[in-house]
Amino acid sequence: MTDTTRRTMMLGAGGAGLAAFLTACASYGTPTTDASAAPEDEPADEASSAAPKKKPAKKALADASDIEVGGGKVFEAQKIVVTQPVEGDFKAFSAVCTHAGCTVATVQNKTINCPCHGSKFSIEDGSVTDGPAPEPLKEKKITVDGGKIRLA
């Protein structure tokens with residue numbers, strides 16, 4: 001058998017004390033304080049603040065001056081075509097042809113033109129003026145404010 005020395009006893013007691021201390025400092029379970037509570041000088045959350053927040057304005061598709069009277073412009077990334085049949089009257093339609101799903105490419109001679117099979121649509125209401133498209137382009141809602149055209 002080995003002799004228990006005073007040094008061994010002290011090391012054992014110190015090690016047991018250290019283990020107890022570290023265990024007490026560990027964070028198990030839920031905290032005993034409400035971490036979500038805000039300090040008294042700050043509001044509990046932003047929703048409770050007095051001033052309502054405005055939604056950021058949607059990015060403008062174009063300036064109204066970019067759309068010719070009697071013409072229009074195709075926005076491929078947004079799959080939208082915006083037209084101005086008469087001065088100050090802006091219209092927007094889906095840029096996806098109702099025949100084969102191609103994106104329309106140009107607006108000329110008061111028609112929206114699909115390059116795939118030759119379908120043409122009216123800049124006034126998106127109706128088919130020359131097939132093979134079976135249905136009109138779907139109208140999209142836009143707003144014109146401050147000279148900027150935005151999707152509604």
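Student: What makes E2 and E3 a strand pair in this predicted model?

Tutor: Strand E2 (residues 71-75) and strand E3 (residues 80-86) run antiparallel and are joined by five bridges. Two strands pair if there are at least two bridges between them, so five bridges are enough for E2 and E3 to pair. Gly-72 stands opposite Thr-83 in E3.

Student: What is found in the hairpin of E2 and E3 between the strands?

Tutor: Four residues lie between the strands, and in this hairpin Lys-79 takes a positive phi near 55 degrees.

Student: How do you know that Cys-102 and Cys-116 form a disulfide?

Tutor: The S to S distance for Cys-102 and Cys-116 is 2.0 Å. The cut-off is within 2.5 Å, so the pair counts as a disulfide. The structure holds one disulfide. The pair links distant parts of the chain, 14 residues apart: Cys-102 is in the loop between strand E4 (89-94) and strand E5 (106-108), and Cys-116 is in the loop between strand E6 (111-113) and strand E7 (120-122).

Student: Why is the disulfide of Cys-102 and Cys-116 called left-handed?

Tutor: The torsion about the S-S bond is about -110 degrees, so the disulfide is left-handed.

Student: Which of the terms buried, partly exposed or exposed applies to Cys-97, to Cys-114, to Cys-102 and to Cys-116?

Tutor: Buried means under 20% relative accessible area. Cys-97 has 4%, so Cys-97 is buried. Cys-114 has 7% and is therefore buried. Cys-102 has 18% relative accessibility, so Cys-102 counts as buried. Cys-116 has 35%, which lies between 20% and the 50% above which a residue is exposed, so Cys-116 is partly exposed.

Student: Why is Lys-138 called exposed?

Tutor: The relative accessibility of Lys-138 is 62%. Exposed means over 50%, so Lys-138 counts as exposed. Lys-138 lies in the loop between strand E8 (128-130) and strand E9 (139-140).

Student: Which residues is Lys-138 in contact with, leaving aside neighbours within four places in sequence?

Tutor: Lys-138 is in contact with Ala-92, Phe-93 and Ser-94. Contact means heavy atoms within 4.5 Å.

Student: What separates the C-alpha atoms of Lys-138 and Ile-80?

Tutor: The C-alpha atoms of Lys-138 and Ile-80 are separated by 9.8 Å, while the two residues are 58 residues apart along the chain.

Definitions and conventions. Residues are numbered from 1 along each chain as its sequence is written. This is a predicted model: local features need pLDDT of at least 70, side-chain atom pairs count only at pLDDT 80 or more; totals for chains, interfaces and linings use all residues. Side-chain values use heavy atoms; hydrogens and water are left out. Helices (H or I, at least four residues) and strands (E, at least two) are DSSP runs, numbered from the N terminus. Buried means under 20% relative accessible area, exposed over 50%, partly exposed in between (1.4 Å probe, protein chains only).
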